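Open the model in your viewer and keep the sequence panel in reach. This tour goes stop by stop: what to select, then what is there.

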Amino acid sequence: CLSTWFCQCRKCYKNLRPDTLHQLSIISVSGSEQSLPATTNFQTSAPGAPKNLKINSVTATGFAISWEPVNNATEYKIYKDEELLAKTSTPSYQSSSLIAGSTYTIKITALVNGLESPPSSDLSITLVPSNPSNLESRNLTSSSFTFGWAGVNGASSYTVFKNGSKLAENINGTSYTVTNLTPNSTYEMKVASVNSSGESVSSSL
């Protein structure tokens, strides 16, 4: 680093603790003599929050998400409705054992050298609803009957199937009147619950 007319020294320091005030002192040495130290202080920035959260899949019991990696992050924390849900060492996570039809607010933080970053932007995830239960037929006539079921948490509508084919969709209530039937005939009826994340497995009567 010595020069007769000019001196320029550079040193790169890695793996410093983020969001910390550091002090750096430099002395010059020539033979047995050394200068007084030149001292400077500098502040490392806080770890960046995870970005670009993405929903990869949603089911009735869980979801899969991923996000952009944070430099030097050794761990990520996943928060569900402000409570810690899980930890992972990779920028992705798959949950399970959640409540069908429920909506959750997800946030992610990154750990860099032991410090936790600010949280990511909120990611709202609504699970697919569960399939309808308590199916029944009532008000039977020779050419019609009413097909009913119990309401499902998180469902915005229902789809009805007759003998494997879709009969009606976007049904807001918990019953549907099936008409134009043939007397003395047997029909297989199914119903599925629906919301913005998808359609449940159908239930059969």
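Two strands count as paired if DSSP finds at least two bridges between them. Strands are DSSP runs of E of at least two residues, helices are runs of H or I of at least four, and both are numbered from the N terminus.

The model is predicted: local features need pLDDT of at least 70, side-chain atom pairs count only at pLDDT 80 or more, and totals for chains, interfaces and linings use all residues. Residues are numbered from 1 along each chain as its sequence is written, and side-chain values use heavy atoms, with hydrogens and water left out.

**Stop 1: confidence**

Colour by pLDDT, the predictor's confidence in each residue on a scale from 0 to 100. The protein chain averages 91. A score of at least 70 is reached by 93% of the residues. Now select residues 1–6, where pLDDT stays under 50. For this stretch the model has 3 contacts (heavy atoms within 4.5 Å) beyond four places in sequence.

**Stop 2: a three-stranded sheet**

Select S13, S14 and S17. These 3 strands form an open sheet in the order S13-S14-S17, with antiparallel pairing. Which strands sit at the edges? They are S13 (136–138) and S17 (175–178), each pairing on one side only. Neighbouring strands here are turned by 25 degrees against each other on average, direction ignored. The axes behind that angle are lines fitted to C-alpha atoms, for helices over the stretch in contact, and angles run from 0 to 180 degrees between N-to-C directions.

Zoom in on S13 and S14 (residues 145–148). They pair in the antiparallel sense over 3 bridges. Ser 137 stands opposite Phe 147 in S14.

**Stop 3: a hairpin**

Move to S5 (residues 51–58) and S6. The two run antiparallel and are joined by 5 bridges. They form a hairpin with 4 residues between them. Pick Lys 54: opposite it, in S6, stands Ser 66.

**Stop 4**

Buried means under 20% relative accessible area, exposed over 50%, and partly exposed in between (1.4 Å probe, protein chains only).

Centre on Trp 67. Not counting residues up to four places away in sequence, Trp 67 touches residues including Pro 50, Leu 53, Tyr 76, Ile 78, Tyr 93 and Ile 108.

**Stop 5: a loop serine**

Select Ser 95, in the loop between S9 (92–94) and S10 (103–112). Is Ser 95 buried or exposed? Ser 95 is buried, with a relative accessible area of 7%. Beyond four places in sequence, Ser 95 touches Gly 62 and Phe 63.

**Stop 6: salt bridges**

A salt bridge is a side-chain nitrogen of Lys or Arg within 4 Å of a carboxyl oxygen of Asp or Glu. By this rule the count is 5.

Start with Glu 116 and Lys 77, whose side chains meet at 3.8 Å, N to O. The pair links distant parts of the chain: Glu 116 is in S11 (residues 115–116), Lys 77 in S7, 39 residues apart. Glu 116 is partly exposed at 34% relative accessibility, whereas Lys 77 is buried at 15%.

Next, select Glu 82, Lys 107 and Asp 122, which are linked in a network of salt bridges. The side chains of Glu 82 and Lys 107 meet at 3.0 Å, N to O. Glu 82 lies in the loop between S7 and S8 (83–88) and Lys 107 in S10, so this pair ties together parts 25 residues apart in sequence.

Now the other link: the closest N and O atoms of Asp 122 and Lys 107 are 3.6 Å apart. Asp 122 lies in the loop between S11 and S12, so its bridge to Lys 107 in S10 ties together parts 15 residues apart in sequence.

Finish by colouring the trio by accessibility. Lys 107 is buried at 19%. Glu 82 is exposed at 58%, and Asp 122 is exposed at 52%.
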